[in-house]
Structure formats: C-alpha cells, structure tokens
Amino acid sequence: MKEKAMIMDDQAMKRAITRISHEIIERNKGIDDVALVGIKSRGVPLAAMIAAKIKDIEGKDVIVGEIDITLYRDDLTEKHHQAIVKDSKLGFDAAGKIIVLVDDVLFTGRTVRAALDAIIDQGRPKSIQLAVLIDRGHRELPIRADFVGKNVPTSRSEVIKVSVEGIDSENYVSINE
C-alpha cells in the first residue's frame, strides 16, 4: 500500500483536536456530566488528547474511559475466526452521563453502532455524541458525527491511515491506495 497524500500533519491534528474540544465544551455548556470514551485502539489516545485540551481550556478534568467493541461487531465472522477481546475500561457508571464516543475514522458506521451497543450495556447515558478525527463518507448505517476534525471524501478502494502518538511513533493522517 503506497501513500497517496498526507491529509494532516502533527500541527493540523492538534488544531483539529483543539477545535473538537471547544465544540464539545460549547455544545454541552461546559463539561459537567461529560465523559469521553475512546474506541480501541486509536480512539483511546485521541480521547486522551481531547481530555488534555479540555483541561487546558476549562481548568477541569473530564472523565475518560475506553471501550473495546470487538464482541459487538456485526462483521466479526468476516474479519476473524476467533475474536481477540481486550478489556473495556469504562471505569465509571455511564448512567446519566453525556458520553462522547471518540474514534479516528468514521467510514461505514458499523464500529460506531457496535460502540453504542457496548456503551448502553454499561448503563443508560443521558446522551451519546460522536467525535471523529476523519469522516470519509460511505455510510452503511444512519450515523453521523457531532464533532469532525476533517471531512475527507474518498473512494471505497482508498485507505485512511491514522498514526497517533501513544500507539504509533508520530501524529499524522494519510490517504493510501
């Protein structure tokens, strides 16, 4: 797979995280009852980046958790013969919270659908919102993000590669073919 174009470098990612953080604060009139939940794997460090930026802006910590949606996927048999499940460390009661799911790329919507099921199994939140770094289109389900770092129209054959410090060596987003 070869890189076709760089979509975001480190600085562009940081600007997108800052914008998303401000939008989360504005939409929810602060961060009371807000909890960020990163979808494994790259949604987790992105949620941590948003939490750090919110703390810079508001001077308060926001609750951060993570969720593994492997067992909730409807395409599990297509992807793996046996599921590899990691712990979901929500770490708080979801009941009554405003949950902001955080993921790297929104594509078909199936990952988000699985995350919704996983969150609701943890309790009944007040509301669930979605923040994504990249929205590439091609939805198969009626799901849209509330907070988007960048909309990137793609063909189905193209691949968006998100590299995030904490998992990868640097922050960037590229489109590959």
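The structure is a predicted model, in which local features need pLDDT of at least 70 and side-chain atom pairs count only at pLDDT 80 or more, while totals for chains, interfaces and linings use all residues. Residues are numbered from 1 along each chain as its sequence is written, and side-chain values use heavy atoms, with hydrogens and water left out. Helices (H or I, at least four residues) and strands (E, at least two) are DSSP runs, numbered from the N terminus.

**The sheet**

- Three strands form an open antiparallel sheet in the order β1-β8-β7, where two strands pair if DSSP finds at least two bridges between them.
- The edge strands, each pairing on one side only, are β1 (3–8) and β7 (159–163).
- Neighbouring strands of this sheet are turned by 25° against each other on average, direction ignored; axes are lines fitted to C-alpha atoms, for helices over the stretch in contact, and angles run from 0 to 180 degrees between N-to-C directions.
- Strand β8 (residues 172–176) pairs with β7 in the antiparallel sense over five bridges, and Ile160 stands opposite Ile175 in β8.

**Helix α1**

- Helix α1 (residues 10–27) lies across β1, β7 and β8 and runs at about 45° to β1, with contact meaning heavy atoms within 4.5 Å.
- The end C-alpha atoms of α1 are 26 Å apart, which agrees with the 26 Å that its 18 residues should span at 1.5 Å a residue, the expected span being 1.5 Å times one less than the number of residues.
- At the start of α1, a side-chain oxygen of Asp9 reaches to within 3.2 Å of the backbone nitrogen of Gln11, and α1 is followed by Lys29, whose phi is positive, near 50°.
- The buried residues in α1 include Ala12, Met13, Ala16 and Ile17; buried means under 20% relative accessible area, exposed over 50%, and partly exposed in between (1.4 Å probe, protein chains only).

**Ser21, in α1**

- Ser21, which is located in helix α1, counts as buried because its relative accessibility is 0%.
- A polar atom of the Ser21 side chain lies 2.7 Å from the backbone oxygen of Ile17.
- Not counting residues up to four places away in sequence, Ser21 touches Ile50, Lys53, Ile54 and Ile57.

**Glu177, after β8**

- Glu177 lies in the segment after β8 and is partly exposed, with a relative accessible area of 46%.
- Not counting residues up to four places away in sequence, Glu177 touches Met1, Lys2 and Lys4.

Notes
Polar contact = N/O pair within 3.5 Å; in protein donor to acceptor, adjacent residues only side chain to side chain.
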